[in-house]
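This briefing sets out selected features of the model shown below, grouped by topic. Please read it alongside the sequence and the coordinates.

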Amino acid sequence: MRNNKFKVLSCMLAVVLATGSLMAGCGKSSDAVTDSGTPQETTDSGEQGAQSTPEAQAGGETTITVNTQSSVGAQEAWQAVADAYMEKNPNVKVVVDLKPSEGYAEWVQNIFTVDDPTADIVNVNLAGTASTGKVINFLEYADMDSPYSDGAWSEQFNFQMQTKEKGQSEWSMLSLDSVQVVWCYNKEIFEEVGVEPPTTWDELVTVCEKLDAAGYQPITMPGDATSFWSGTFGWLAQIYTDQTTRSMLDIYRAQEGDYCFDPEVDGVWKYDPTDPFNDDAWKVNQNAVRAYKAVKDNVYSPSSPGMKTVWENFAKIFPKYVGGETFFGTIDPGQVSMFYQGKAAMMVDGAWRLVNFNNDMKKLSSGEEVTDATGAAIEGVKKFDLGVFNMPTMEGEGIEAPARTIEVATGFVGAVAKDKAHDDQVVDFLMYYSSQEGQSIYLSAGIDAGLVPQGPSLVYGVELPDDIQAMFDQLELIGNCQKGCAAWLARGMSDVQESVRDFYRYSYDYLTGKITIDDWLTSHQNNIDTYIEDAMASSEISDNDLENPQNEPTGE
């Protein structure tokens with residue numbers, strides 16, 4: 001039986017948080033995996049691993065090449081795992097050749113267009129459609145016994161948080177890191193002013209009023225167009241829109257007769273807004289055709305009473321308590337400087353901030369320079385204790401459930417499909433990499449080389465160094481808002497860039513008092529109506545598909 005208990009998560013955020021919406025299709029639950037592959041033979045000790053594959057039995061050496069993105073500590077981490085694996089598997093050579101992040105998307109897309117690429121393990125999420133049909137389907141191996149644990153491969157880590165492909169009949173990305181968005185605050189400032197971490201949005205407003213009266217900027221946050229799309233404000237827009245759209249899942253979930261309906265899953269699922277994990281992908285399938293139809297029919301509305309509540313609440317905080325007129329000119333990493341200098345009391349960030357903060361305070365104590373994300377020195381850094389709290393819940397008309405946040409698995413390690421024997425060997429290596437032993441080696445070597453963990457590993461049994469673990473112990477799972485179609489209308493029409501730009505323009509006008517909330521709602525409705533066809537086209541869903549949402553979309 002799989003361990004379904006979620007470990008505490010935290011973070012690595014970038015564009016993945018901006019583009020987490022499901023844009024097409026649905027299918028079988030990931031929990032109903034069949035063993036469609038050929039089981040590997042293992043010894044009782046579990047140390048022979050891939051040596052039982054045909055290539056190894058033939059006495060030849062297999063080469064596995066790791067070409068994921070380079071980052072601080074990543075080369076050392078992968079090399080440590082490779083060395084440990086090769087010791088167990090002397091007929092295998094693992095080459096670690098990480099590639100620069102700049103230009104990586106173009107590089108990995110090209111890999112899937114050439115004959116006989118040397119690359120095996122890559123960050124497949126950046127390959128786009130170039131990788132379609134050309135990657136190893138890990139579902140074929142998910143329920144096989146792992147040579148590196150006491151059970152199936154999928155029992156080594158949080159399998160339910162893995163990203164499944166369209167129709168969920170494929171799993172091509174192994175993600176062992178995690179993401180959570182949280183509020184960070186300066187404990188000393190809160191204690192001085194006499195305020196506690198808020199649990200509701202109204203309490204947040206009150207905390208901001210008191211901090212402002214005490215001479216502190218309550219919140220530091222970037223307010224440029226990037227922030228409103230893929231950055232901090234865009235995260236909040238998705239998180240709080242989610243409070244208003246939870247019931248829409250009953251409209252666009254897979255229904256009996258749909259091409260993606262799974263009777264063992266969708267036939268028993270019931271909507272429950274009190275359960276923040278009720279709409280996890282392994283519990284219910286979504287039909288994006290039905291979602292687009294609901295938007296077109298204005299059943300799934302961008303100008304709902306709930307959306308009005310959300311934006312009226314935003315206006316109580318932004319921009320007054322986030323730098324006033326300077327808010328819209330603030331960009332990353334300026335927010336971190338103000339927070340570190342003790343000028344601002346709160347900031348919203350990924351929970352990786354906890355580890356970065358811990359490291360920065362060590363630098364400060366030893367007299368080293370503390371720098372921002374660009375490498376520039378931050379002047380006047382003050383030592384203080386960092387606290388975290390979860391998203392304060394909004395209340396009012398149209399609010400359907402407590403606030404969740406962004407909590408997703410990341411990493412997106414995939415493998416180029418080649419011949420069966422080679423694929424078996426690559427998966428065996430990934431079984432070791434994703435085991436308690438393998439991931440412990442990976443993290444230990446990486447941390448020693450400067451790697452910043454995104455949060456507690458999704459691999460069961462892995463522990464972080466005590467000081468890092470203590471930081472993550474403050475975190476609590478409250479559910480992920482970035483599931484399926486829930487956040488489509490939060491920042492314009494999904495991620496259509498023209499729509500996002502329009503969203504920023506009229507949101508700026510509203511938050512600066514140039515237009516009313518009703519004007520904002522009208523503009524938002526017009527935005528969605530204008531760009532829904534573009535979003536449908538990118539999802540390969542046509543108006544003809546909307547007429548028969550039970551059928552798999554053809555885009556024609």
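Helix 18 has a kink of about 45°, and the kink is centred on Tyr531. The model is predicted. Helix 18 comprises 22 residues, 517–538, which at 1.5 Å a residue should span 32 Å; the C-alpha atoms at its ends lie 30 Å apart, in agreement with that figure.

- The position of Glu540 is in the loop between helix 18 and helix 19.
- Glu540 has a relative accessible area of 55% and is therefore exposed, the cut-off being over 50%.

**The chain as a whole**

- The protein chain contains 19 helices and nine strands.
- Of its 556 residues, 57% count as buried.
- Among contacts in the protein chain with a separation of 6 or more, 78% are between residues 24 or more positions apart.
- The chain exposes about 22,100 Å², of which carbon and sulfur atoms supply 47%.

**Strand 4 and its partners**

- Strand 4 (residues 177–186) is mostly covered, with nine of its ten residues buried.
- Strand 4 runs antiparallel to strand 8, and four bridges join the two.
- In this pairing, Gln180 stands opposite Glu407, and Val179 stands opposite Val408.
- Strand 4 is also antiparallel to strand 6 (residues 344–350), with five bridges between them; here Val182 stands opposite Asp349.
- A further antiparallel pairing joins strand 4 to strand 7 through four bridges, and Cys184 has Val388 as its bridge partner in strand 7.
- In a regular strand, side chains alternate between the two faces of the sheet.
- In strand 8 (residues 407–410), Glu407 and Ala409 point one way while Val408 and Thr410 point the other way, and all are buried.

**Aromatic pairs**

- The structure holds 43 aromatic pairs.
- The rings of Tyr240 and Phe314 form an edge-to-face pair, because their planes stand at 85°, with 6.1 Å between the ring centres.
- This pair links distant parts of the chain: Tyr240 belongs to helix 8 (residues 232–245) and Phe314 to helix 11, 74 residues apart.
- Both Tyr240 and Phe314 are buried.
- Phe357 and Phe384 form a tilted aromatic pair, with 5.0 Å from centre to centre and 50° between the planes.
- This pair likewise links distant parts of the chain, 27 residues apart: Phe357 lies in helix 13 (residues 352–365), and Phe384 lies in the loop between helix 13 and strand 7 (386–389).
- Phe357 has a relative accessibility of 5% and so counts as buried; Phe384, at 5%, also counts as buried.

**Val92 in strand 2**

- Val92 belongs to strand 2 (residues 92–96).
- Its relative accessible area is 4%, so Val92 is buried.
- Val92 and Glu61 are separated by 31 residues in sequence, yet their C-alpha atoms are 5.4 Å apart in space.
- Neighbours within four places in sequence aside, Val92 is in contact with Glu61, Thr62, Ile64, Tyr85, Met86 and Gln425.

**Backbone features**

- Most residues other than glycine have a negative phi, and most peptide bonds are trans.
- The peptide bond from Phe318 to Pro319 is cis, with omega near -5°.
- Pro319 is located in the loop between helix 11 and helix 12 (334–340).
- Phe412, a residue other than glycine, has a positive phi near 55°.
- Phe412 lies in the loop between strand 8 and strand 9 (413–415).
- With a relative accessible area of 10%, Phe412 is buried, since the cut-off is under 20%.
- Glu540 likewise has a positive phi near 55° in a residue other than glycine, but Glu540 is exposed, whereas Phe412 is buried.

How values were computed
Residues numbered from 1 in each chain as written. Predicted model: local features only at pLDDT ≥ 70, side-chain atom pairs only at ≥ 80, totals over all residues. Heavy atoms only, no water. Buried < 20%, exposed > 50% of the residue type's maximum accessible area, 1.4 Å probe, protein only. Contact = heavy atoms within 4.5 Å. Areas by Shrake-Rupley, 256 points an atom, 1.4 Å probe, with all protein chains shown as cover. Expected span 1.5 Å × (residues − 1). Bend = angle between axes of the 7 residues up to and from the residue. Phe/Tyr/Trp six-rings, centres within 6.5 Å; stacked < 30°, edge-to-face > 60°. Pairing = 2+ DSSP bridges.
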